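The sequence and structure come first, and the description follows.

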Amino acid sequence: MIVALIDSGLGLLPTAAWLRKLRPDLDLLLLNDPDGAPWGPKSEQWVIDRVLDTARLALNEGAEVIVLPCNTASVTALEHVRAMVGPEVPVIGTVPAIKPAAAACAKVAVWATAATTGSAYQAGLIAQFGGDAEVTGVACHGLADAIDRGDLPVIAEAIADAAARTPADTEGIVLGCTHYPLVLDDILAALPTGVRVFDSAEAVAGQTLRRMDALGRPAAGVGAVRILASGRTAQLPSAAAAFESGRLLGATCEDRLTAS
């Protein structure tokens with residue numbers, strides 16, 4: 001069984017890496033979009049069309065499960081993808097981990113892109129899942145783009161800036177962009193001791209495996225990782241090697257290429 005993960009850039013890596021750790025024999029198809037990235041600033045219809053086209057490509061390549069480990073894709077196109085593929089193909093989206101953070105912490109900050117921070121989508125999630133916690137949005141200017149480039153100095157600057165603008169006495173940080181877990185250690189190092197960080201990559205991977213197993217089909221593969229970049233056969237971009245998740249998945253790709 002092939003599981004396809006769709007994102008504009010490297011935001012699919014944390015969830016893909018969790019799938020690799022939890023089910024090493026699972027075959028993965030990673031579809032990123034260097035030609036169209038970033039998706040966040042694009043119009044809603046543009047994103048819907050792009051994600052639907054990519055989902056069709058995934059199906060044509062044999063995918064039986066589709067994951068959108070991208071907040072922009074999930075909020076904009078998730079229901080459209082589900083309607084297109086029908087109930088036979090599980091489609092798993094991503095939601096920032098505001099609910100568990102608010103349940104565990106009295107004061108929470110949601111780190112996200114500027115577009116997401118100012119969106120009605122995030123405001124709605126905070127209203128729905130924030131409970132009694134004090135929840136504040138913190139825009140991480142340039143962080144996702146720097147991660148896609150593997151630009152470590154700019155990543156450090158963006159994290160330091162976001163940390164400086166995070167309200168004092170914050171107890172929990174929600175990573176509201178799927179790129180951010182790639183630099184989790186750097187984020188933790190920039191925060192006061194004891195601040196907890198919540199992200200959804202492991203939970204999305206776990207939900208993917210549950211939905212996949214519920215199909216009752218043989219799922220074991222050979223641990224293959226294939227990459228399509230804007231529809232073209234590719235390898236992971238060189239920037240992925242800057243991150244543990246990228247090295248884990250990249251090493252798998254290189255081993256298979258060498259073996260063939």
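K107 stands opposite E134 in β6. The strand β5 (residues 107–112) is joined to β6 by six bridges, and the two strands run parallel. Strands here are DSSP runs of E with at least two residues, helices are runs of H or I with at least four residues, and both are numbered from the N terminus. Two strands count as paired if DSSP finds at least two bridges between them. The model is a predicted one, in which local features need pLDDT of at least 70 and side-chain atom pairs count only at pLDDT 80 or more, whereas totals for chains, interfaces and linings use all residues. Residues are numbered from 1 along each chain as its sequence is written, and side-chain values use heavy atoms, with hydrogens and water left out.

β5 and β6 belong to an open sheet of four strands, ordered β6-β5-β7-β8 with parallel pairing. The edges are formed by β6 (134–139) and β8 (196–198); each has a single partner strand, so one side of each is left without a neighbour in the sheet. On average, neighbouring strands of this sheet are turned by 25 degrees against each other, direction ignored. For such angles, axes are lines fitted to C-alpha atoms, for helices over the stretch in contact, and angles run from 0 to 180 degrees between N-to-C directions.

## The six-stranded sheet

A further open sheet has six strands in the order β4-β3-β1-β2-β9-β10, with mixed pairing. Its edges are β4 (91–92) and β10 (232–234), each with a single partner strand, so one side of each is left without a neighbour in the sheet.

Within this order, strand β1 (residues 2–6) pairs with β2 in the parallel sense over five bridges. V3 has L28 of β2 as its bridge partner, and I6 has L31 of β2. From β1 the chain crosses through α1 to β2, and this β-α-β crossover is right-handed; that is, with the strands pointing away from the viewer, the path from the first strand over the helix to the second runs clockwise. β2 is also joined to β9 by five bridges, again with the strands running parallel. There, L31 has L228 of β9 as its bridge partner.

In total, six of the six residues of β2 are buried, where buried means under 20% relative accessible area, exposed over 50%, and partly exposed in between (1.4 Å probe, protein chains only).

Helix α1 is mostly covered as well, with seven of its ten residues buried. These are L13, P14, T15, A16, A17, L19 and R20.

## Salt bridges

The model contains nine salt bridges, each defined as a side-chain nitrogen of Lys or Arg within 4 Å of a carboxyl oxygen of Asp or Glu. One of them joins the side chains of R23 and D213, at 3.1 Å from N to O. R23 lies in the loop between α1 (13–22) and β2 (27–32) and D213 in helix α10 (residues 201–214), so this pair ties together parts that are 190 residues apart in sequence. R23 is partly exposed at 23% relative accessibility, and D213 is partly exposed at 42%.

E64 and R217 form another salt bridge, with the closest N and O atoms 2.8 Å apart. This pair links E64 in strand β3 (residues 63–67) to R217 in the loop between α10 and β9 (225–229), 153 residues apart. E64 is partly exposed at 26%, as is R217 at 35%.

The side chains of R82 and E79 meet in a salt bridge of 3.1 Å, N to O. Both residues lie in helix α3 (residues 71–85), three residues apart, about one turn of the helix. R82 is partly exposed at 33%, whereas E79 is exposed at 52% relative accessibility.

## Aromatic rings

K21 lies over the face of W18, at 4.9 Å from the ring centre, and K42 lies over the face of W46, at 5.0 Å. A charge sits over a ring if NZ of Lys or CZ of Arg is within 6 Å of the ring centre and within 35 degrees of the ring normal.
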